[in-house]
Every structure is written in C-alpha cells, then in structure tokens.
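Please read these notes with the model open beside you.

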Amino acid sequence: MIRPESSLPVVLVVEDDKGIQELLRFTLVCAGYQALCADTAEEAERLLRETLPDIALIDWMLPGKSGLVLTRKLRSERRTRHLPIIILTARGEEADRVAGLEGGADDYIVKPFSPKELMARLQAVLRRCTPEFVKGTLSVGPVELDTVSYEARVGGRRITLTPTEFRLLRFLMANPGRVYSRQQLLDNVWGDHVYIEDRTVDIHIRRLRVALGPAAEQLVETVRGAGYKLSSPPELNQTGP
C-alpha cells in the first residue's frame, strides 16, 4: 500500500470569483484531487511554469487576459498542447460554446453547475485524455491496481509500492501495448518540470518488477532501443464515480 496523497491527480483552477474558486477547490479535494488555484491568467501561467497539472478548469471571464485567450495560448505551446482543459462560463449560447471548443477546450460547463455535474464532466475528460486517472480498478493478468484506495495486488495478495512505482504502473496499465521512451515516462510519470536523469526510469522499472514478483514481472517489457511497455492489455472496471 502507498500514501495516496503522493499520487493524486492535480487540477489547476483558474477562477477570479473567490467564492466559486473555494467551492471548486473543496469539491476537488473531497473527490480525491489536488487543487492549484489562480485568480488570473497571468498567475496561472506562473503556476504552469512550475507544475504541469493533469487537467485545468478555466473561467472564461477573467480580469485582464480572458480564459479563452489563455486556452488558445496553452494549445499553441508544446509543453501544454495536450493539457486537458474545461472552460467554465456563464455564457451558454451555442455560438459561445462553439467558440470555446474551437478555442481548444475539451469541454464547456455553463454556470451555475452542481458539484456532481462538474465531477462527472471532469472524469469524462480525464477518461478520454488521461485514462490513468480514471477512478476504478485496472487489471492485467494477476495484477490489480485500485486507483481509489491506492492499493496494488498480485494474485489477490497486496503488495507494497512506493508512490513513484504506483504512478509508473498505473500509467503503463492505462496505456497497454504502447512503447514509451525513458523521456516520455519521465514527462508523464514524474512531470516535465522535474529534472532528473532518464536512467532513473531504469532503476524504478527494476524495482517495480521486483515488487510485482515472478508472477507478473514480465508484464513490464523492455523494448530494446525504444523504451518500455505493458505487454498485455488491461481490463478497466470503473468502481468510482
């Protein structure tokens, strides 16, 4: 078992209304996410230079630079091009919805909205864009990974993983059969703002295989000259919201 707070997905909230911002933060924390909050587009850009979140909730009507302008900027930059983004706005006309989606948003939520709707839409976007953060159980062969309780089992027996090993296994199990280079794994598991040598991946892969034991260690396959992959397709059973 691992300490769950070290593996929680990070949500960037860009909202200038303090009341709504706090409601969003509270809802996210209660649902098992980390929340980074910014009042303006400029503050959000500063946070993004330090940390690349897993998804962003951006209010359209921000002071100064609008949320739509911020979204377009994020889509134009290599580092944030694939960041999942949901725009929050009181503008519900069809033309506004189209403008938001064409501006690069993955979804569009009209205010006022309920916490339940917010979490349903957030989960839907994560399911499409970053399946490793879907709440539920990932399973492949004898290995089961519960992303709600943050427990891992092999053949029904609980095993102990470090937070990094858990994130690494979760990412590979959510993306079966696809080969990832060391640099890609560093970006997706450690975060592209962390500056460590790519050989660190090799060390953690070895440790992960040891933790999985002989029944499952071969599931994490080395592809010579390319990187690593999970050799068998997982089954995803959603047990969460």
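1. Start with helix 6 and helix 8. T164, E165, L168, L169 and L172 of helix 6 meet H204, I205, R207, L208 and L212 of helix 8. Contact here means heavy atoms within 4.5 Å. By class, these residues divide into six nonpolar, two polar and two charged. The classes are as follows: Ala, Val, Leu, Ile, Met, Phe, Trp, Tyr, Cys and Pro are nonpolar; Asp, Glu, Lys and Arg are charged; the others, Gly among them, are polar.

2. A word on the basis. This is a predicted model, in which local features need pLDDT of at least 70 and side-chain atom pairs count only at pLDDT 80 or more, while totals for chains, interfaces and linings use all residues. Residues are numbered from 1 along each chain as its sequence is written, and side-chain values use heavy atoms, with hydrogens and water left out.

3. Now the geometry of that first pair. The axes of helix 6 (residues 163-174) and helix 8 (residues 199-212) come within 10 Å and cross at roughly 85°. That makes the two helices, helix 6 and helix 8, roughly perpendicular (65 to 115 degrees; under 35 is roughly parallel, over 145 roughly antiparallel, the rest oblique). Axes are lines fitted to C-alpha atoms, for helices over the stretch in contact, and angles run from 0 to 180 degrees between N-to-C directions. Helices (H or I, at least four residues) and strands (E, at least two) are DSSP runs, numbered from the N terminus.

4. Compare helix 2 and helix 3. Helix 2 (residues 41-50) packs with helix 3 (residues 67-76) at an angle of about 25°, and their axes are 10 Å apart. Helix 2 and helix 3 are therefore roughly parallel to each other. A41, A44, E45 and L48 of helix 2 make the contact with L70, K73 and L74 of helix 3. Five of the contact residues are nonpolar, none is polar and two are charged.

5. Five strands form an open sheet in the order 2-1-3-4-5, with parallel pairing; two strands pair if DSSP finds at least two bridges between them. Strand 2 (34-38) and strand 5 (107-110) are the edges, each pairing on one side only. On average, neighbouring strands of this sheet are turned by 20° against each other, direction ignored. Helix 5 (residues 115-129) packs on the sheet and touches strand 1 (10-14), strand 3, strand 4 and strand 5. The direction of helix 5 makes about 175° with that of strand 5.

6. Inside the sheet, strand 3 (residues 55-59) runs parallel to strand 4 (residues 85-89), joined by four bridges. I58 has I87 of strand 4 as its bridge partner.

7. There is also a hairpin. Strand 10 (residues 220-223) and strand 11 (residues 227-230) run antiparallel and are joined by four bridges. E221 is partnered by K229 in strand 11. Three residues lie between the strands of this hairpin, and G225 takes a positive phi near 80°.

8. Check two backbone details. The peptide bond from K111 to P112 is cis, with omega near -5°; P112 sits in the loop between strand 5 and helix 5. Y150 is not a glycine, yet has a positive phi of about 55°. Y150 is in the loop between strand 7 (143-146) and strand 8 (151-154).

9. Last, confidence. Mean pLDDT (the predictor's confidence in each residue, from 0 to 100) is 83, and 88% of residues reach 70 or more. Over residues 1-6, pLDDT stays under 50. Over residues 233-241, pLDDT is below 50. Where pLDDT is low, the predicted coordinates should not be read in detail.
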